[in-house]
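Welcome! Have a look at the model below, and then we can go through a few questions together.

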Amino acid sequence: MGLLSILIFLPLIALALILVLPSTVKASYKYISLVFTLLQLGISLYIYQNFQGAQAGVNSLSDFQFLEQVSWIRLDLGSIGKLEIDYLIGLDGISLPLIVLSSLVMLMGIGASWNMNKSPKGYFALLMLLNTAVMGIFCALDFFLFYVFYEVMLFPLYFLIGIWGGERREYAAIKFFLYTLLGSVLMLLVIVGLYFSVINPESGAHTFNMLHMMNPANYVEGSFFSFIGNYHEVFGVPARLIGFIILFFAFAVKVPIVPLHTWLPDAHVEAPTPVSIILAGILLKIGGYGIIRVCYSIFPDMAAETNWWLALIGIISILYGALNALAQKDLKRMIAYSSVSHMGFVLLGIASLTAEGLSGAMFQMISHGFLSAALFFLVGVIYDRVHDRYIYHFRGLASIMPKYTACVAIVFFASLGLPGFSAFIGEAFVIIGAFNAESMATGIPRWMAIAGSIGIFLSAAYFLWTLQRMFFGQTRLQGGTAWQSALTDLNRRELLVLVPAISLALILGIMPSLVFGKLNASILKLIDIINPYL
Amino acid sequence: MAVPIILIIVSFLTAFYIGRLIWKTFFGNFRFAEYLDREHRLHEAPTLMLAPMLFLAFCCLAPLFSLHPLDYHSSWLMQGLHVQTTFPAMPSAHLYIPVVLTIGAILAWLIGWKWYIKHQYPFSQENKLILLANNQFYINELNERIFVKGIKRLSTSLYFIDRKVIDGLVHLFTNFIQSLSRAMHWLDKNIIDGIVNFVASGTYYLGHLVRHVQNGQLQGYLGFALTVLILGFLYLIIK
């Protein structure tokens with residue numbers, strides 16, 4: 001059995017163990033989850049070490065690494081042909097950094113769930129299922145398999161938010177679920193359309209294989225999504241454009257882009273701290289990954305045509321998210337809106353269609369992954385102690401919680417893009433890419449890069465303003481002496497979760513080659529695929 | 001041409017405000033004798049502060065830079081910074097500009113002495129220019145009002161739009177689907193189920209009517225038989 005399959009399905013063993021063990025040993029569930037997640041981290045780091053950065057592998061199957069292909073569903077449909085679904089997983093430079101990020105953020109999530117007392121069996125079981133689904137999404141190269149993992153991911157999240165969440169948890173859970181599901185069922189239509197448009201050159205049957213869908217030669221002539229000479233239209237819109245838009249819509253809900261983002265503040269705020277960590281750290285990146293892997297690789301002609309609009313959406317997300325974050329009074333909601341803003345950078349970078357822009361977008365995803373996880377963890381620290389997150393209820397926390405203040409200050413500065421930290425590399429490269437796009441004639445005007453920079457300025461505004469309000473000055477707390485005694489400084493477990501994240505932000509900020517080295521070839525290959533259509 | 005003139009004027013102003021500082025702080029009448037007591041005494045600075053200042057003061061003297069006051073080229077600093085230009089240099093400028101600046105500085109100090117030592121200050125305290133200068137020309141207020149308040153207002157209104165308009169559309173969609181489902185439920189319960197119930201109650205009613213046929217009266221049964229017979233004959237005749 002391949003290493004990648006072990007990585008994906010290891011949490012299912014943990015799930016089985018947790019379900020089977022009786023509630024009398026419920027203290028062991030978190031240890032089981034921790035052990036299996038640590039194993040996953042070990043495997044992902046081993047994969048990272050053995051990954052060949054020079055192999056690009058974006059649209060050629062043989063170039064993918066840790067490849068596993070097993071024929072899964074082979075149904076003879078009589079006159080229509082054969083249904084061909086494979087269990088096809090593999091890694092290239094775009095999915096590898098996200099795999100390592102996922103295992104790390106999952107570990108942070110387990111660390112944050114250490115004091116979960118309400119139905120721990122269900123909680124940790126669902127967390128393990130989520131773990132499997134998330135790893136599977138990043139590795140899957142067969143569209144059907146991808147879709148299965150995508151839907152499996154929604155299911156545990158609905159319960160995790162809806163049962164273990166805050167005050168308005170049912171509303172947030174169903175809003176999140178239905179919003180994301182709307183996108184993915186529309187994606188199912190396009191999947192089926194693509195299935196009927198693509199022929200596997202080896203077997204002659206229709207296929208769900210994503211790599212075959214990326215090759216224009218595999219398309220049936222005259223099919224709905226064929227590349228060449230396609231006259232199909234839906235309400236006057238070319239068929240390939242509709243396919244791209246629907247697929248983009250599905251992933252855009254997850255990124256999230258601005259008109260479709262309203263699930264995020266509610267889901268992030270009402271979810272318990274570990275679930276917020278996983279939501280912000282991993283799930284938002286699935287949107288970005290989907291745009292690159294599915295929309296851009298399968299529809300490169302449409303990518304070249306629509307990138308101006310994607311960049312505009314990115315800019316709007318950046319500025320709108322940042323301005324909204326500035327208006328927040330709830331700390332967790334502020335960080336949720338800052339996530340919207342930072343993911344706007346990812347979309348801007350992707351839309352710039354330059355090597356710097358795409359690399360910056362990928363790097364921003366990685367950096368934002370653990371920085372936002374650290375941010376939500378820090379909010380959780382306060383909330384665990386006093387069950388209140390209102391910014392105006394706290395003042396001068398630095399004198400009573402110095403270690404916490406230091407961590408918050410570092411993470412805030414890292415998030416806003418201080419040079420030396422990873423977010424600076426991500427944002428700087430995105431802006432460089434957007435700026436260069438005009439000279440490379442990819443269709444992005446210079447003013448979009450300038451608008452992106454204003455986003456960085458606004459993020460400094462809301463982060464530092466919050467830092468000042470809550471931490472500096474004389475200590476004045478809404479809850480008075482009861483809060484003063486409850487607000488103890490960071491304990492060892494919390495430091496154990498935070499210090500690796502902060503050090504990783506610093507290390508990646510100083511040595512971005514750790515990530516860039518692995519994804520450079522894939523990014524260049526992706527641009528090569530799209531360039532002919534620019 | 002405007003730039004050198006502005007620089008010369010700024011140089012005069014520099015000399016003036018330094019002169020004002022020196023005159024007001026060190027010369028004239030000492031006005032704070034009542035603040036001095038055993039705890040607050042004025043004394044000379046300690047040697048640790050005096051020595052560096054003496055050194056710095058010494059390094060400000062001109063001979064340190066050039067022994068020829070009228071030849072700027074012989075200064076080691078100018079020789080290091082020398083740049084070959086395409087246009088011809090104006091050596092006379094290096095004579096009359098320093099002369100103008102020196103005369104201007106002396107004049108500025110004389111004016112300062114007149115205003116602050118001899119207390120012949122010509123302006124009143126309510127002078128508008130003095131008010132502006134004391135408030136840094138209200139740049140901070142401009143900044144606060146336009147940029148800070150502007151961005152804060154923009155962000156609160158965008159948050160309002162986010163909650164009421166964008167989320168409002170989501171809720172509108174939700175309410176529409178819920179109303180649709182309530183309408184469908186009404187249709188199902190009253191119309192479709194209604195037809196089923198109608199058929200059932202209709203059948204019951206018909207049965208209720210037909211029940212009266214079986215009343216045990218033989219004349220009724222013979223009457224039915226006769227009716228059917230007559231209908232049969234009529235049918236055979238008409239056919």
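**Getting to know chain B**

Q: What percentage of the 239 residues in chain B is buried?
A: This is a predicted model, and a residue counts as buried when its relative accessible area is under 20%. Among the 239 residues of chain B, the buried share is 8%.

Q: Which pattern does chain B follow along the sequence?
A: Chain B has 0 strands and 7 helices. Reading along the sequence therefore gives the pattern α-α-α-α-α-α-α.

Q: Is chain B more spread out or less spread out than a compact globule?
A: For 239 residues, the globule rule gives 18 Å. The radius of gyration of chain B is 54 Å, well over that value. The C-alpha atoms fill a box of roughly 155 × 65 × 40 Å along the principal axes. Because its radius of gyration is well over the rule's value, chain B is, compared with a compact globule, more spread out.

Q: Is B:Leu234 buried, partly exposed or exposed?
A: B:Leu234 sits in helix H7, which covers residues 218–238. Its relative accessible area is 42%. Buried needs under 20% and exposed needs over 50%, so B:Leu234 is partly exposed.

Q: How many Å apart in space are B:Leu234 and B:Val100?
A: In sequence, B:Leu234 and B:Val100 are 134 residues apart. In space, from C-alpha to C-alpha, the distance between them is 143 Å.

Notes:
Residues are numbered from 1 along each chain as its sequence is written. Chains are lettered from A and ligands numbered from 1 in the order in which they are written. This is a predicted model: local features need pLDDT of at least 70, side-chain atom pairs count only at pLDDT 80 or more; totals for chains, interfaces and linings use all residues. Side-chain values use heavy atoms; hydrogens and water are left out. Helices (H or I, at least four residues) and strands (E, at least two) are DSSP runs, numbered from the N terminus. The radius of gyration is taken over C-alpha atoms; the globule rule is 2.2 Å times the number of residues to the power 0.38. Buried means under 20% relative accessible area, exposed over 50%, partly exposed in between (1.4 Å probe, protein chains only).
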